[in-house]
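User: I'm new to reading protein models and I'd like a close look at one part of this one. Could you pick out a bit of sheet, walk me through it slowly, and then show me what sits around it?

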Amino acid sequence: MAPFLCNQWYTAATSAELGAKPLARTICNEPLVIFRAQEGAVAVLTDRCPHRKAPLSCGEVVGNDIQCGYHGIRFAADGACTHVPGNVPIGRNFRARCFPAREIHGLIFVWLGEPSLADPALIPDFSENVKPGWTGVHGTLYVKGNYQLLIDNILDLTHVVFVHKTTLAGSGVAETPLEVDIDGDVVRAQRLMHNVDTAPIYRAARNLHGNIDRWQFLEFRPPIYARITLGAREAGSDLPFGTPTHVVLNSFTPETERTTHYFWSTVRSWGLDDASVSKTYKDMTDLAFAEDARIVEAQQRLIDSDPSGAPLVSLAFDRAALAARRIIKRKLEEEAQATAPAVKGSAQRAAVRGADATA
Ligand code: FES
Ligand SMILES: [Fe+2]
């Protein structure tokens with residue numbers, strides 16, 4: 001079975017990352033080049049130039065095309081070859097593979113599977129990144145760990161007590177059970193806490209120094225998305241229970257089986273002009289997610305070196321993470337079944353791969 005789902009949108013980059021130069025990024029083992037055409041639209045092609053397999057990302061954007069940095073052949077956003085130096089004749093099939101791409105809410109998404117299934121309505125909601133009345137801070141991390149370890153991590157906030165002592169920890173988190181609801185492919189979980197010690201992040205950002213009521217709402221959408229709504233109030237105060245203090249929007253895009261591009265945003269709908277609150281969220285989230293990366297990378301190393309191959313064990317507070325893993329596994333099986341008839345054709349194509357071809 002393939003290690004990753006294909007017929008899915010994956011967060012490929014932030015809009016801010018993509019400047020005038022093409023961006024090389026491997027997603028689900030697929031080397032891609034992402035570039036912005038002169039007219040502004042984002043395009044994603046395989047990074048392997050169909051000529052001699054040099055990386056297109058080493059080239060440059062020329063008008064609406066990308067020009068390979070090796071021999072100067074150009075390709076349009078749809079992969080069609082538009083120019084060959086010296087006007088050498090080319091065959092109709094000489095083109096770069098192109099992938100459906102969309103730029104929305106400050107992020108660039110790519111679809112790796114069957115292009116006709118790439119429905120933009122399936123892209124998860126990141127609208128708070130750009131919605132009027134909201135502001136946020138953002139970050140990216142490169143983590144040497146499997147993306148599912150990071151999904152486990154975000155869906156099990158028990159760890160905040162032990163991993164994030166100076167930012168997110170607080171009493172009540174580990175003691176309060178996680179309520180989990182599975183709704184088709186979506187996992188929702190919540191932990192509601194009353195009259196517990198405050199956490200450093202609420203002290204710094206919300207000036208909550210005494211006991212607080214605290215809530216955590218988690219939502220996972222396959223294959224890589226987790227929306228975490230967090231909040232707190234002075235214990236017993238009038239602020240409606242569940243009002244978001246901040247929302248953390250996460251994408252865990254696999255690079256390979258053992259590496260992940262992690263994109264996050266921490267957004268809020270209050271204190272929009274308060275730069276010191278934004279700095280608090282940025283500094284504390286950077287610190288906390290670096291702590292997550294450290295523990296997940298160590299975990300990945302020990303999983304890889306474990307001669308027993310014993311499976312991971314799931315306890316009560318892992319229920320949301322376990323549900324997410326089961327959904328991913330089921331969808332991988334469904335996708336494998338749906339593509340099974342194509343295997344014969346792939347095998348035939350593989351047999352001729354490597355032979356010299358004339359374009
Ligand atoms: S390898 Fe790209 S133009 Fe030759
Ligand atoms: Fe964490």
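Analyst: Let's start with strand 2 (residues 23-27) and strand 3, which run antiparallel and are joined by five bridges. A quick word on terms: strands (E, at least two residues) and helices (H or I, at least four) are DSSP runs, numbered from the N terminus. Two strands pair if DSSP finds at least two bridges between them. In general, strands of a sheet pair through backbone hydrogen bonds, either parallel or antiparallel.

Before we go on, some ground rules. This is a predicted model, in which local features need pLDDT of at least 70 and side-chain atom pairs count only at pLDDT 80 or more, while totals for chains, interfaces and linings use all residues. Residues are numbered from 1 along each chain as its sequence is written, and chains are lettered from A and ligands numbered from 1 in the order in which they are written.

Back to our pair. T26 has P31 in strand 3 as its bridge partner. Strand 2 and strand 3 make a hairpin with two residues between them, and C28 in that turn has a positive phi of about 50°.

Now follow the chain through strand 3 (residues 30-36). Five of its seven residues are buried, so this strand is mostly covered. Here "buried" means that 20 or more other C-beta atoms lie within 10 Å of the residue's own, "exposed" means 12 or fewer, and "partly exposed" is in between, with C-beta atoms placed from the backbone.

On its way to strand 4 (residues 42-46), the chain makes another hairpin, this one with five residues between the strands; G40 takes a positive phi near 105° there. Five bridges join strand 3 to strand 4, and they run antiparallel.

Four bridges join strand 10 to strand 11 (residues 107-111), and R102 stands opposite F109 in strand 11.

Zooming out, the domain assignment, which comes from an automatic or database source, gives domain 1 (19-122) and domain 2 (127-332). Their C-alpha centres lie 34 Å apart. Seven residues of domain 1 are in contact with eight of domain 2, where contact means C-beta atoms, placed from the backbone, within 7 Å.

The protein averages 92, and 95% of the residues score at least 70. Over residues 347-358, though, the pLDDT is below 50, and this stretch has zero contacts in the model beyond near neighbours in sequence. Where pLDDT is low, the predicted coordinates should not be read in detail.

Methods:
pLDDT is the predictor's confidence in each residue, from 0 to 100. Two residues are in contact if their C-beta atoms, placed from the backbone, lie within 7 Å.
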